[in-house]
Every structure is written in C-alpha cells, then in structure tokens.
Amino acid sequence: MYVSLSIRSFALALIGVFIPIYFYTKGYSLTAIFLFYIIQSLSHITFSIPAAKISSRYGIKHSMLFSVPFLILFFFLLYSLDTFNWPLPVLSIFAGLSTALFWIPYHIDFAKFTDRKNRGKQIGFSGIVASIFSIAGPILGAVLLTLVGFKMLFLIVSALLFVSIIPLFFSEEVHEPVGCSLRGFFEGQKAKDVLSFLGHGIENKMSGIVWPLFVFIFIFGEKYTSLGIVSSLATGVAFISTLFIGKFSDMRRTAVLKTGSVFNSIVWIARSFIVTPMQVFVTDAFYGMSNMTMHIPFDAKNYDKVDKKNGVAKVILEREIYHHVGVVILFLLLIFITQSSTDIFRYGGPISSLMRFFF
C-alpha cells in the first residue's frame with residue numbers, strides 16, 4: 001500500500017498543481033475551469049456508494065487498482081484535447097470516477113486498520129511517505145513543462161500511474177461489508193460533522209486549485225518554475241511538520257486540531273494580502289505547517305468515529321460526500337457570487353478552516 005501510494009503521489013505531484021493552469025493556457029475561462037471541478041465533484045458524489053460496494057465485493061486494493069485506468073484515461077483525454085476538443089464534462093466524469101474508486105477504499109483501509117492510540121502517528125507516517133516522493137514533484141514537473149511541454153508530461157505521469165498498481169498485487173486483499181444505502185445515508189448524522197466535512201472540501205480545493213491559479217496568473221507572471229518551487233516548498237515544510245504533529249496528535253488530538261484550524265485561518269487571511277513572490281514563499285511555508293497541524297488530527301478524529309454499529313463504510317462515505325459538496329459550494333460561490341479570489345481567501349479560507357474547530 002505504501003509503495004503504491006509513494007509512486008502515485010510522485011506522479012500526481014508532477015502534474016497536479018498544473019492541471020487547472022493547463023486549461024487556462026488553452027484559453028478556457030475561469031468559469032469553465034470551475035465548472036470542470038464542480039462536475040468532477042458531482043461525479044465523485046454519484047459514484048461514492050457504488051465505489052464502496054465495489055471495494056466490498058472485489059476488495060479494497062482492487063478498487064484502488066480499478067481507479068488507475070480511469071485516471072490514465074483522464075490524462076489521455078488531456079493529452080488529446082487539442083486534437084479532439086473533448087467536452088470538459090467528459091474529462092470531469094472520468095476524474096470523479098477515479099477519485100471515488102481510490103479515496104473511498106483508501107480511507108476505509110486506514111479507518112479499519114489503524115489503531116486509535118497510535119492513529120496520529122500512523123496517519124503522519126502515510127503523509128511522510130507521500131511527502132518524501134512529492135517534495136521534488138512540482139519543481140521537476142515545472143522543469144519538464146518548460147523543456148518538453150504538457151503532452152510529454154502527461155505520458156510520463158500515466159506511465160508512473162501504471163507502475164503504481166503493481167505493488168498492490170503483492171499483498172492480501174481485504175473486503176469490508178457495506179451496509180449503507182442512499183436511504184440510510186442521512187441517519188445519525190451530526191451537524192458539526194457535516195459542517196467540518198464541508199469546510200474540509202472548501203479549504204482543500206481553495207489551496208489546491210484556486211490559490212495556484214491566482215499566484216500563477218497574478219503574482220508569478222505565468223511562470224511554471226516559480227509555481228513549482230513554491231508548491232515544493234509547502235510540501236517540504238509539511239513533511240517536516242508531519243514528523244512531529246502525528247505524535248502530538250495522539251496525545252492531545254482535539255487541542256492540536258483546534259490550534260491547527262485557528263493557525264490555518266490566520267495564514268489564509270495573510271494570503272489575501274500578498275502582492276509579491278517573496279510573500280507567496282513565506283505564506284506557503286507557513287501553510288505547509290498549519291495545514292498539517294489541522295489535517296492529521298482531523299483525519300484521526302474522523303477515523304475515530306468508526307464503530308461497529310455504523311460500520312466503516314458509512315463514516316467514510318459521509319466524509320467523502322460532504323467533502324465534495326463543499327467543493328461544489330466553493331466553485332458556485334466563485335462563479336455566481338464573487339469573481340474576487342482575494343475575497344475567497346480572506347473570508348472563505350478562515351471560515352472553512354474554523355468549521356473544523358468543533359469537530
């Protein structure tokens with residue numbers, strides 16, 4: 001699992017931050033880009049319960065394996081976008097199907113097999129594994145984009161994703177029963193949990209999509225290398241932070257989460273005032289730390305909610321579905337309420353971070 005995750009993390013680190021920028025350089029409007037992510041999240045929501053049932057029938061690792069061909073197909077569609085002019089909603093659907101097939105069994109696996117006492121350290125170790133192989137990814141991706149362009153990078157990423165599925169064949173399969181249906185999905189939900197998951201989705205895509213687009217266009221003058229360096233910097237600081245936060249999370253999980261949510265909200269407010277590349281570097285370094293301080297205990301507390309009565313799958317489905325409802329809310333706000341990214345950073349960032357304060 002960890003070897004597969006390492007290869008996948010490195011592959012996606014090469015290209016992930018540049019996907020919305022690829023659409024932008026192809027002449028797509030910001031509205032069209034935001035609609036792409038809305039449809040991707042709606043697809044993820046639609047496929048969530050079927051993905052959980054697939055992982056139950058065929059096994060957690062097989063479901064993660066099934067996600068890779070759809071992700072490779074997504075990159076093929078990106079590769080051939082100039083030639084065939086594919087409608088962006090088609091790409092969104094394949095991307096959403098792939099993420100549902102991967103992340104739902106991934107979280108089920110962690111919720112099922114990590115133990116409550118050491119869960120923070122185990123989640124931290126997963127983050128360390130991903131970060132080690134992802135730190136250089138954005139910089140290397142930016143260099144490759146400068147030298148060989150997007151199409152060659154799509155091919156490299158697809159090849160790495162194919163390699164990432166090989167380690168999954170060398171471990172035993174796990175099947176987790178899914179007793180959750182759409183009708184029973186809303187039973188026993190708590191408002192504070194729903195708000196926390198919504199905030200998680202909003203903040204996640206704000207940092208992964210909206211922020212890179214903003215700094216690429218308005219701060220870095222559309223330079224790939226500058227964006228790659230900043231993204232790698234944030235990953236590196238997150239890696240260093242993870243070495244310590246996992247242990248503290250196991251001792252005082254709630255306190256660490258509350259501290260991280262407040263710290264993260266302050267960083268977002270600071271980000272809304274940046275005007276120079278140096279300010280981007282500084283705030284992104286702090287964000288790498290604050291995000292991990294919030295993310296590790298949040299994941300651990302989410303997995304803590306798993307119990308025999310509700311079942312693992314129901315807890316994870318609640319998380320995943322509301323996470324992507326939050327993503328839809330974010331991009332709808334950007335399309336219909338405000339076109340100002342700084343307003344979203346100044347208000348949306350702190351609010352979405354603090355929505356996890358009471359989780």
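View 1. Leaving aside neighbours within four places in sequence, Thr99 is in contact with Gln40, His44 and Ile104, where contact means heavy atoms within 4.5 Å. Thr99 sits in helix α6 (residues 88-113); helices here are DSSP runs (H or I, at least four residues), numbered from the N terminus. With a relative accessible area of 16%, Thr99 is buried; the word buried stands for under 20% relative accessible area, exposed for over 50%, and partly exposed for values in between (1.4 Å probe, protein chains only). Have a look at Phe47 too: Thr99 and Phe47 are 52 residues apart in sequence, and their C-alpha atoms are 9.3 Å apart in space.

A word on the model you are viewing: it is predicted, local features need pLDDT of at least 70, side-chain atom pairs count only at pLDDT 80 or more, and totals for chains, interfaces and linings use all residues. Residues are numbered from 1 along each chain as its sequence is written, and side-chain values use heavy atoms, with hydrogens and water left out.

**View 2. Helix α7 beside helix α10.** Two packed helices are described by the angle between their axes and the distance between the axes. For α7 (residues 119-134) and α10 (residues 224-251), the axes come within 7 Å and cross at roughly 170°. That makes α7 roughly antiparallel to α10, a term for angles over 145 degrees. The axes are lines fitted to C-alpha atoms over the stretch in contact, and angles run from 0 to 180 degrees between N-to-C directions. On the α7 side you can find Gly124, Ile128 and Ile132, among others, and they belong to a group meeting α10 residues that include Phe239, Leu243 and Gly246. The residues of this contact divide into four nonpolar, eight polar and four charged. In this count, Ala, Val, Leu, Ile, Met, Phe, Trp, Tyr, Cys and Pro are nonpolar, Asp, Glu, Lys and Arg are charged, and the others, Gly among them, are polar.

**View 3. Phe75 and the largest nonpolar core.** A nonpolar core is a set of buried Ala, Val, Leu, Ile, Met, Phe, Trp, Tyr and Cys residues joined through side-chain atoms within 4.5 Å. The largest one has 102 residues, and Phe75 is among the members that touch the most others, along with Ile15, Phe18, Phe23, Phe74 and Phe331. Helix α9 (residues 191-219) gives the most to this core, with 14 residues. Not counting residues up to four places away in sequence, Phe75 touches Leu12, Ile15, Ile19, Phe154, Val157, Ser158 and Leu161.

**View 4. Two aromatic pairs.** The whole structure holds 35 aromatic pairs: rings of Phe, Tyr and Trp (its six-membered ring) pair if their centres lie within 6.5 Å, and planes under 30 degrees apart count as stacked, over 60 as edge-to-face and the rest as tilted. The ring centres of Tyr22 and Phe150 are 4.6 Å apart with planes at 55°, so this pair is tilted. Because Tyr22 lies in α2 (residues 19-25) and Phe150 in α8 (residues 137-164), the pair ties together parts 128 residues apart in sequence. Tyr22 is buried at 1% relative accessibility, and Phe150 is buried at 11%. Phe214 and Phe345 have ring centres 5.3 Å apart and planes at 80°, so they are edge-to-face. Both Phe214 and Phe345 are buried.

**View 5. Asn85 in a loop.** Asn85 is found in the loop between α5 (81-84) and α6. Its phi is near 50°, a positive value in a residue other than glycine. At 56% relative accessibility, Asn85 counts as exposed.

Definitions and conventions
Helix = DSSP H or I, 4+ residues; strand = E, 2+ residues; numbered from the N terminus. Parallel < 35°, antiparallel > 145°, perpendicular 65-115°, else oblique.
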